Amino acid sequence: MMDRSARAALDARTVVAPDYDALCDKVAAATSDWIVRHPGSLVCLAAGDTPLPVYHRLVARQQAGKVDLSSVFYAGLDEWVGLGRADRGSCLQVMSDGFYVPAGIPLDRRRVFDGLADPVAECRAMDQWIRARGGIRFTLLGIGLNGHIGFNEPGAPDQDGSIVVDLDDTTRAVSAKYFGATLPVRQGVSVSARSLLRAETVLLMASGAKKAPIVERLRSGAPVREVPAARLLDHPGLRLFLDRDAAGSVS
Ligand code: GLP
C-alpha cells in the first residue's frame, strides 16, 4: 500500500482531463513541447489505441509549424511476435500509418521491432539502436488492463535492454481488438521496464472507465509483480495523464 505522502506526491504529478479529447490535447502538447526542447534525443512511443489521437495531434502541430517531429529519434516500444507491417493491428502497422508516415519521419530516425524476425536478434538490434543514441530520454506509455507497460507483463523478466515475453491471458484476449480477429499471438518483444525507467520524462496515459480499476490499483501502490506499471511510481519524471472516466475516484 502507498502511504499518504507518497499518494500526495503522485497526485501532484497526475493530470485529470475532463474527457478523452482534452486528455489527448494535453499529452500532445506535453510531448510536442518536450521534442522542441530536446533535438537529437531518443523518444520511445507506445502503440495501442489510447495514444493514437495524440499522434494525429502531433502531426497537426507539425503542419502548423509548432514542432519538427524529425528533430528527434524514435524507438518502438513493443511488437507482437509473428506479426509484420502487413498485419492490421501490428505495432508497426499502427505506428507507421498513424504516425511515422504522416509525420514524414525518415527511416534513419526510427527503429521498431520486426515481429517477423528472430525475436532475440531483434532485442539485441533494438538495444544497440538505443545505446548508440544515449538511451531513451522520453517515453509515452499506455497501460494494459493487466497493468502492463509495453509487453512488460506481470512477472516478465526484470532486466536491462529489450525482452521476449510470454503474453498473459488478459493480453491475448484483449489483442483481438487490434486485429479485428483472434490471432494466435503468444509472445511479444518489448523495451524492458528497466530501460524505460532510465528516461528522464515518462508520460503514462489512460482513458475510459475500463481502465479505472487498473489505474486505481496502480495508484494504491499494488506490487510490481502484479501491476508492472507500478515500477514507474518512484520515477521523478513520471506524469500520469488520465481522463475523468479512467481517473475513477481521483479528484
Ligand atoms: C498493448 C500494448 C501497449 C499498450 C497497452 C495499452 O497491448 N502492448 O504498448 O500501451 O497494451 O493499449 P491500449 O491503449 O490499446 O489500451
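This report describes the ligand site and the cysteines of a predicted model.

## Basis of the model

In this predicted model, local features need pLDDT of at least 70, side-chain atom pairs count only at pLDDT 80 or more, and totals for chains, interfaces and linings use all residues. Residues are numbered from 1 along each chain as its sequence is written, and side-chain values use heavy atoms, with hydrogens and water left out.

## Ligand surroundings

The ligand is surrounded by 13 residues (a heavy atom within 4 Å). The closest are T50, D78, K177, Y178 and K211. By class, this shell holds 4 nonpolar, 5 polar and 4 charged residues; Asp, Glu, Lys and Arg count as charged, Ala, Val, Leu, Ile, Met, Phe, Trp, Tyr, Cys and Pro as nonpolar, and the others, Gly among them, as polar.

An oxygen atom of the ligand lies 2.5 Å from an N or O atom in the side chain of T50. A ligand oxygen atom is also 2.8 Å from a polar backbone atom of D49, and a ligand nitrogen atom is 3.3 Å from a polar backbone atom of G150. Taken alone, the ligand exposes 390 Å², of which the protein buries 96% (Shrake-Rupley method, 1.4 Å probe).

## Cysteines

A search of the whole structure finds 0 disulfides (cysteine sulfur pairs within 2.5 Å). For C24, the nearest cysteine sulfur belongs to C91 and is 18 Å away.

With a relative accessible area of 9%, C91 is buried.

Key: A polar contact is a pair of N or O atoms within 3.5 Å; within protein, one must be able to donate a hydrogen and the other to accept it, and residues adjacent in sequence count only if both atoms are side-chain atoms. Buried means under 20% relative accessible area, exposed over 50%, partly exposed in between (1.4 Å probe, protein chains only).
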